Structures are given as structure tokens and as C-alpha cells.
Amino acid sequence: MLNPSPETDVVRIESLSFAYDTRPILHEVSLRIPRGKVVAIMGASGCGKTTLLRMIGGSIRPTAGVARVFGVDTTQLDTAGLYRMRRRMGMLFQFGALFTDMSVYDNVAFALREHTALPESAIRDLVLMKLDAVGLRGVAHAMPSSLSGGMARRVALARTVALDPALIMYDEPFAGLDPISLGVIARLIRRLNDALGATSIIVTHDVEESLQIVDYIYFVSGGRIIAEGTAEAVRASGVPYVRQFVRGETDGPVPFHYPAADYWSDLAVPKAA
Amino acid sequence: MNRSMIDLWVGVFVAMGLIALLFLSLKVGNLASFSTAESYQIQANFANIGGLKVRAPIKSAGVVVGRVTDVRFDNESFEAVVTLNIDSRFQFPKDTAAKILTSGLLGEQYIGLEAGGDPTMIKNGDRLKLTQSAVVLENLISQFMFNKAQEGKDSK
Amino acid sequence: MNAIRHTLTQLGNAVTRRLTRLGVASRFFIYLLWHSGTAFQRFRLTIREVYFAGVLSLIIILVSGLFVGMVLGLQGYDTLQRYGSSEALGVLVALSLVRELGPVVAGLLFASRAGSAITAEIGLMKATEQISAMEMMAVDPIARVVAPRFWAGVISMPLLAALFSAMGIFGGYLVGVQLIGVDPGAFWSQMQAAVDIRQDVMNGVIKSVVFGIAVTWIAVFEGYDAPPTAEGVSGATTRTVVTGSLAILALDFMLTALMFTGGNAK
């Protein structure tokens, strides 16, 4: 276990369940994310890890269980309470979700303008500082549509940390990036976390990059946590699913074939006598 | 598109819209004639109002002096009671006659006022004594036919 | 028997679905009105949207208004001169535009030009998670994104309808007076005598305000409610134009019945 004292946990989830209509997504998930750490939640696509992240952010309510963030149960909060809590959070969306009708500068300045009464000169300094931190001060006045995928992701990262959040959540931060951008984002995640003294949660299925930067990993499969541990522990894990996932093997506990009717009968070819 | 350009265009747009509204009010509708000025109401009974409707004009010597504001049926006299709303700038003698007239052969009906000679002026709430009902075309035609028939009989 | 039962079930299902959707839309509308403070406190946000909803619709409104007026002039003259009352052309053009065509046609054009743009924009913002991002930044997207667009539509629509009518009357004047040669004095004076400020002009403005509210409400709701996919957004955009146009026509009938049946027809 990472840290035995619960007071330092930024996020504590206790037997959380969620079902979409009647389809169960998460089943009695419990996890803890201690202050100052970068924690990854890994799993195959569609295993419920993004849902888990949304529940921490309070945009989805669980069917059962408790999700404590900063010691407050988000499942019991009303809209105003949620919005208060979210001012201490930042979330990077899968494809950045930059506001396409604003310049890069206005995107980063958005939260500052909405939530603070800072004069424009102070906002300018803060925006340029954040953009400099992700190395993109030079595109401050470009529109998001003119940026490459990797640059857009970095701008979105600058926007996410604009208010110096205590908890930063990343939804598939590496999806669809070239190896260079991927490395840049990975290092930025770690650096920003340590520089801001924040706590980070990364939801991802990208094994190699994440194992290099995270402190702890939870594996989610079929709506349950099936394994957890540090990067070394995960690499050496004996759990078949984790092994398959980390090594990227085609067959294993996750079969190559989706369950289907008998191949031969499907093909309507008379079986060889 | 920068901010001041947007502001400029929105300004132009709003100004154009307001000018259009003003044009509709002043040049198309006649705001000048729309007076919330003082008016007084009088009533007149007619045996038959024909096609007279609320808001029909009231004219005297061809000039619009008011509008019809109400048309009722009186259950005791079995007559139509018409309420006339007349601009206070226009005063009429007490023995003024009201006629229901038609503009043109088939045009809309209006009330024509013909001033009398009485020195006392009519007041709010008064009732006009002298009225002439609308000319109903059917009656006119049947009368004409009847006369023709009579003539035919006489000449025989 | 089974077929009847099936049809009835489907009918019931369709009605329930539509009523539910109407309920959701109404709740959305009330929430939107309740959270409209931002749209007025930071009026710059609304001004920006007036640019997109109003200014960018100007050309189509002005051109269509001009042509509708010119056609009214031609057709009206053709009919009126048979009865020897071609001087009433001004009345015909002005009354048809101010009472009906101005608000209705401008509303239909507004639904397809600005309404669809609003739906597509909000729908795409949702599909690209911009709306979620805003929520996660503790900014209410209904107050920040939807309300300014709604109020911009409500402000723009009456101005566009007035411009349409004015342009149409100008078009009727061009054809009637300049081209055909109706007497300009009769054209304007008959128009002024027949068009009543309260009865005609004001009622036309009221209509256009109602249409503006209805169309923009439908547009923002469809956008906000759109499934976050490409088909979802395109479907929502189509629904905005179809529902918006039908709403305008139905409301126009109801408003006309309320406004113009009580009084004198002329």
C-alpha cells in the first residue's frame, strides 16, 4: 500500500457501482489516490475507466457507493457544491476540447476570467506563464484549428492548470499522438504535477509511456479493479490479464475472438465428412 | 474578425433595424395620426347597421373625426347601439345627425356626422337622436323590383 | 387485432416520447431563463452572438425582402387594376408585409440561416467535449454558451423582421410607383390611412418577438440535446429547421386568430 493514513488521500472511492440503464459498467470499485502522486487507471477500451474519472469529477452520479474528493462526498453534492469543488480540479479531455471559437490565449485565460477578478495585465502574465510551461508561448494568438494534435493537447494542458488545481485528471492524454508529442505530454504531466504540488489521475491504455511517469497503477477490467501496484510490480505481475495488457499479446484472458456462433456453421460450408 | 469590427457591425445592424421600425411606424403606419389625445364618447341607435364594424371611421364633411369603439344590440328597443369615440378637438351640436354610409359602391361602411344648428354642444355620454340606418342592398333591390312590378300592373 | 394493438402501441409511444421531449425542453427553457444573468451582465458575450445571428443574416433578409415586395407589387397591381383600385397597392403591400410576410418569412429565413448555425455550433461544442470541459472548469455552459445565443436571437429577430418589411415595402414602391406608375401620393397616403400602428405594426413586432423566442429556443435546445456524434449534430440541425419552421407557421396562425379577428378587418 502506498500510504496508510487516509487524511492524505485526495480521492477515496469506496465500493462504487454504476450501471448505464441496466448494463453494469462498474462493480464495487474501491481505490485511493494519495496527495502528490501521479496515479494511472489502466484498462482496455470500454472497461469503465473513463466513467470512473467522470464520477470523480461529479459529472456522472454512481448508482451506489461513495466517492470522496478532498474529503467531500461528490455523490451528495448539488450543482453549486460541485462547481465549488471543480474550481480545485483540472481535467484534460481526450482530444483537448479547446474552445474552437477562441484563440489559444483566450482559451487559457478562460477560467481566469470566469473565476477571478484579476486585471487583464495579471491575466496576461499568468496565461503567458502557463503557455511557456508547455512551450507554446509562441502560438498565443493562433486559433486552435491551426494547431497540430500534439500542440492542441499541450494548450489544453496549459488551460487545465490555469487555476493551479490541486487535482488534475487526464482522460486518455496520449491518444492519437505521435511519439514525440507523446513523450512531451508525458513529461509535462509529471513535471506540472510536481511543480504545482498537485495530484494527478491518468486514465489511459498506453502502457509504456505511463509506466515511466506514474507512481501507482490500478488495472480495471470488466468494471472491477483486478490488479494494482507500482510500475515495477505491474511489469513483474503474474496476473494473466495484466501480463497480456502490458506485453500487448493478442491472445490471453482477453480472447482474440469475440464470442460468436460456430465458425463452420456461420460460413454455411458443409463440414468435411 | 476582431472585437471592434464585431461591435461596429452589430451597431450598424441595430441602427438599421431601429430605422426600419421607425419607417414602419412613421411612413407606413401613421404614428402622427395615432393620438392618445382626449376623446369623448357618444352613442347612437340604428335600426340597421348593415356591415358596420368596430374601428370603422367616423367622418364629418369627409374628415375622420373618430372611430366606432363598440357595437351592441339593445334587447329592449331591438336596435343596434353604436358607441362613437370622437376626438375632443371636434365638437358637434346636439342635433347632429348620424348616418351609416358606404365609401364607394361596395366599399367599407363608416358613420357620417352632419352637424345641425343647435347652439348647445354634445357632451360625453350623450345620445344622438337623429340617425339614419345603413342602406341594405337587398332591400333596395326588392323595392326596385316591387316598383317595377307595380308599374307593369298600372300600365296594363 | 394484433396489428391494431401494435399501431396503437406505436402511437402511444410516439406521443409519450414527444411529450417527454417537450417537458425536457420546457425545463431547459426555464433553467435557461433563470441563468440568463451572465448574458446581460457581460453583454459583450451577447453582442458577439448578435453578430453571428443577426448581422450575418442581413444579406439574405434584405434581398429576400426586396424581392418579396417586388413580387407583391406586380401581383397586387395585376389584381387591383381589374377593380380599378390600383392606388390601394400600397395598402396591400404594406399590410401583407407588416402583418404576415415580414415576421413569417423573416422567421423562416432566420430558422434556416441562424437557427441551424446555432444548433450546429452548440452540437459540435458538445461533440468535441467543449461543453463538458466548461462544466469541469466550473462554468455553467447554459449561462455561458446557451443564454447569450438565445438572447441574441430574441434581439435580432424583430429587427430582421422590421428590415424585411421595410425592404419589401421599398420593393413594392419600386415596382408599383417607379416601374408601373401608380401615383406615389396615393400609394403612401392610402397606406398610411390603412396601416394602424397598434393593430398592424405593433402586432407584427409582437409576432416577430414570439417567433424569435420560439426559433432560438428550439435551436439552442436541439444543439444542447444533440447526441455527440456527426449524425447526431446533423440530425439536430435538420430538426431545428423543420421544427422551427412548423412552430412559426402554427404560432402565426394562433397569433393571427388572437390579434386580428376581434377588430375591423381593415
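Visitor: Quick one to start: which strand of chain B do two bridges join to β7(B), and do they run parallel or antiparallel?
Guide: That's strand β1 of chain B, residues 39-46, and β1(B) and β7(B) run parallel. Keep in mind that we're looking at a predicted model.

Visitor: Which residue stands opposite B:Arg127 there?
Guide: B:Gln43 stands opposite B:Arg127, which sits in β7(B).

Visitor: And what's the order of the strands in that open sheet of chain B?
Guide: Eight strands make up the sheet, and they go β7-β1-β4-β3-β2-β6-β5-β8, with mixed pairing. Strands of a sheet pair through backbone hydrogen bonds, and they can do so either parallel or antiparallel.

Visitor: Which strands stand at the edges?
Guide: β7 (127-128) and β8 (130-132) of chain B do. Each has a single partner strand, so one side of each has no neighbour in the sheet.

Visitor: What is β6(A) joined to by four bridges?
Guide: To strand β7 of chain A, residues 167-171, and the two strands run parallel. As one example, A:Met89 has A:Leu167 as its bridge partner in β7(A).

Visitor: Let's go to the interfaces. How many residues does the contact between chain C and chain A take from each?
Guide: Chain C puts in 19 residues and chain A puts in 21. Between them they bury about 1,800 Å², and 59% of that is on carbon and sulfur atoms.

Visitor: Now chain C against chain B. How much area do they bury?
Guide: About 2,800 Å² between them, 74% of it on carbon and sulfur atoms. The contact takes 31 residues from chain C and 27 from chain B.

Visitor: And how many salt bridges does that one have?
Guide: One is found across the interface of chain C and chain B. B:Asp7 forms a salt bridge with C:Arg44, and their closest N and O atoms are 3.1 Å apart. Two residue pairs are in polar contact there.

Visitor: Which elements of chain C give two or more residues to the side touching chain B?
Guide: They're α3 (43-53), α4 (58-80), α5, α7, α8 (184-194) and α9 (197-225) of chain C. α7(C) gives the most, with eight residues. The residues on this side divide into 20 nonpolar, six polar and five charged.

Visitor: Last one: where does C:Gly65 lie?
Guide: In helix α4 of chain C. C:Gly65 is buried, with a relative accessible area of 0%.

Visitor: Which residues is C:Gly65 in contact with, leaving aside neighbours within four places in sequence?
Guide: C:Phe164, C:Met167 and C:Gly168. C:Gly65 and C:Gly168 are 103 residues apart along the chain, yet their C-alpha atoms are separated by 4.6 Å.

Notes: Residues are numbered from 1 along each chain as its sequence is written. Chains are lettered from A and ligands numbered from 1 in the order in which they are written. This is a predicted model: local features need pLDDT of at least 70, side-chain atom pairs count only at pLDDT 80 or more; totals for chains, interfaces and linings use all residues. Side-chain values use heavy atoms; hydrogens and water are left out. Contact means heavy atoms within 4.5 Å. Buried area is the accessible area (1.4 Å probe) that two parts lose on being put together, summed over both. Two strands pair if DSSP finds at least two bridges between them. A salt bridge is a side-chain nitrogen of Lys or Arg within 4 Å of a carboxyl oxygen of Asp or Glu. A polar contact is a pair of N or O atoms within 3.5 Å; within protein, one must be able to donate a hydrogen and the other to accept it, and residues adjacent in sequence count only if both atoms are side-chain atoms. Ala, Val, Leu, Ile, Met, Phe, Trp, Tyr, Cys and Pro count as nonpolar, Asp, Glu, Lys and Arg as charged, and the others, Gly among them, as polar. Buried means under 20% relative accessible area, exposed over 50%, partly exposed in between (1.4 Å probe, protein chains only).
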